[in-house]
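Thanks for coming, everyone. Let me put the structure up, and then we will walk through it piece by piece.

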Amino acid sequence: MKRRTISRWGMGAFLLAVAGLFVGGCATTGEKPKPALVATDKGTAIYEDKYEFKAPLGWKLLRDYSGGDFEFGFLKFEKGDFPSQSTFIYDPEPFGSDRDLETRAKQYCSRFLWNSGVLAEVKKQNRVQLWGHAAIVIQLEGENPNRNEKAKSLVYLVKKGNQIISFALTQWRPMNGTFASEPFEHFETFVQSFKFLKKTFYEEFEEKVKKLKG
Amino acid sequence: MDGHQRNLYLYEALNARVLGVSMDDVTTSTYFAKSLWLTFPLLSNTLPWMGTAYGAFSNKPPFLTDGTPQWFGRRTVIVDKKGIVRYIRNDTPKFEEILTFLLKLEEEFKGR
């Protein structure tokens, strides 16, 4: 996974100088929360009414309530010594800022697994099409002998409108462990079957800005 | 920070400008900006009068976990064209909230 930048800048104040006036107001509802993940009769799952995909059976759902490094994903603890596990996530705001895929891939890989102490090396990088969108798929591997662990990852960066979204799988093993292919197959199924059931915040927001600008 | 950089084209469309402020010196800030590919201005406010003015600076307990007695809290502040503070939020920026707020400000401004 990407790691949040840690520095004193994390404690900076921010100013946005704008023209305009404040209009406040919000509404709250008393609705009971729905289950995050709902199975369909098509063999797929729907996450929070927003995304539909083929979910991996027997994997645990991961959710980020803090609005941080990813939106949701899946985790599986595997046989073998610690840290034998695989995790994959959907992140609508992957690390980096550039809207060009190649440049974003460079930015993204510069921080990938950064906080874990693993120096992830790009093994392969290809341009592909995913659901009709331009995308880059990146294979990375790295190790941290000090913690007796290694990692193998597969990342999709997908150009969706003006945004770049991402999917990332990381498989962890002890240094003498063997990587397994099955989690990568589940990940591929998840990514290839992934559908957006509604417009993203940014897609709707850009339409509002465009309308405002006339 | 990279979140603000990602949204820069939207801030500009809404006539907003973004500045980052920290107590770091210029050299540190320059390196930091390069490491995150930031193109908007970062202000080095080592004294730190600006953090004090916007309520982001603290020299009272609770101190940071590493014992740092003086620190800039992470704070997002939106100031309008007249210099009036309209929005303050501590901790991690809520980008969707910030953008929605800026859109409302721009709509109000256009409607005047």
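How many bridges join E5(A) to E6(A), and do they run parallel or antiparallel? Four bridges join them, and the two strands run antiparallel. Two strands count as a pair if DSSP finds at least two bridges between them.

Some ground rules. This is a predicted model, where local features need pLDDT of at least 70, side-chain atom pairs count only at pLDDT 80 or more, and totals for chains, interfaces and linings use all residues. Residues are numbered from 1 along each chain as its sequence is written, while chains are lettered from A and ligands numbered from 1 in the order in which they are written. Helices (H or I, at least four residues) and strands (E, at least two) are DSSP runs, numbered from the N terminus.

Now, confidence. pLDDT is the predictor's confidence in each residue, from 0 to 100. Chain A averages 87, and 85% of its residues score at least 70. Over residues 1-27 of chain A, however, the pLDDT is below 50. Where pLDDT is low, the predicted coordinates should not be read in detail.

Chain A next. Its secondary structure comes to three helices and 12 strands. Of its 214 residues, 33% are buried. Buried means 20 or more other C-beta atoms within 10 Å of the residue's own; exposed means 12 or fewer; partly exposed is in between; and C-beta atoms are placed from the backbone.

Back to the sheet we started with. It is an open sheet of seven strands, in the order E5-E6-E7-E11-E10-E9-E8 of chain A, with antiparallel pairing. Strand E5 (60-63) and strand E8 (121-130) of chain A stand at the edges. Each has a single partner strand, so one side of each is left without a neighbour in the sheet. The twist averages 15° from one strand to the next. Angles here run from 0 to 180 degrees between N-to-C directions, and axes are lines fitted to C-alpha atoms, for helices over the stretch in contact.

A few pairings, quickly. Arg63(A) has Phe72(A) in E6(A) as its bridge partner. Six bridges join E6(A) to E7(A), again antiparallel. There, Phe74(A) is partnered by Phe88(A) in E7(A). Strand E9 (residues 133-144) of chain A is joined to E10(A) by 10 bridges, also antiparallel. Glu141(A) has Lys152(A) in E10(A) as its bridge partner.

Two helices pack on this sheet. Helix H1 (residues 101-111) of chain A touches E8, E9, E10 and E11 of chain A. Its direction makes about 20° with that of E9(A). H2(A) touches E6, E7, E10 and E11 of chain A, and its direction makes about 165° with that of E11(A).

Which residues of H1(A) are buried? Arg104(A), Ala105(A), Gln107(A), Tyr108(A), Cys109(A) and Arg111(A) are. Just after H1(A), Leu113(A) takes a positive phi of about 60°.

On to H2. It covers residues 182-193 of chain A, 12 residues in all. From first C-alpha to last it reaches 17 Å, close to the 16 Å expected at 1.5 Å a residue. That expected span is 1.5 Å times one less than the number of residues. Pro183(A), His186(A), Phe187(A), Phe190(A) and Val191(A) are buried in H2(A). Seen down the axis, the buried residues of H2(A) fall within an arc of 130°, so they line one face of the helix. The arc is that of the directions from the helix axis to the C-beta atoms. The face turned away from the buried side carries the exposed residues Glu182(A), Glu185(A) and Gln192(A).

There is another sheet in chain A. Four strands form an open sheet in the order E2-E3-E4-E12, with antiparallel pairing. Strand E2 (37-39) and strand E12 (195-196) of chain A stand at its edges, each with a single partner strand, so one side of each is left without a neighbour in the sheet. E2(A) and strand E3 (residues 45-47) of chain A pair over three bridges. Leu37(A) has Tyr47(A) in E3(A) as its bridge partner.

Last, chain B. It has five helices and six strands. Along the sequence the pattern is α-α-β-α-β-α-β-β-β-β-α. Its C-alpha atoms fill a box of roughly 50 × 30 × 20 Å, taken along the principal axes. Of its 112 residues, 35% count as buried.

How values were computed:
Two residues are in contact if their C-beta atoms, placed from the backbone, lie within 7 Å.
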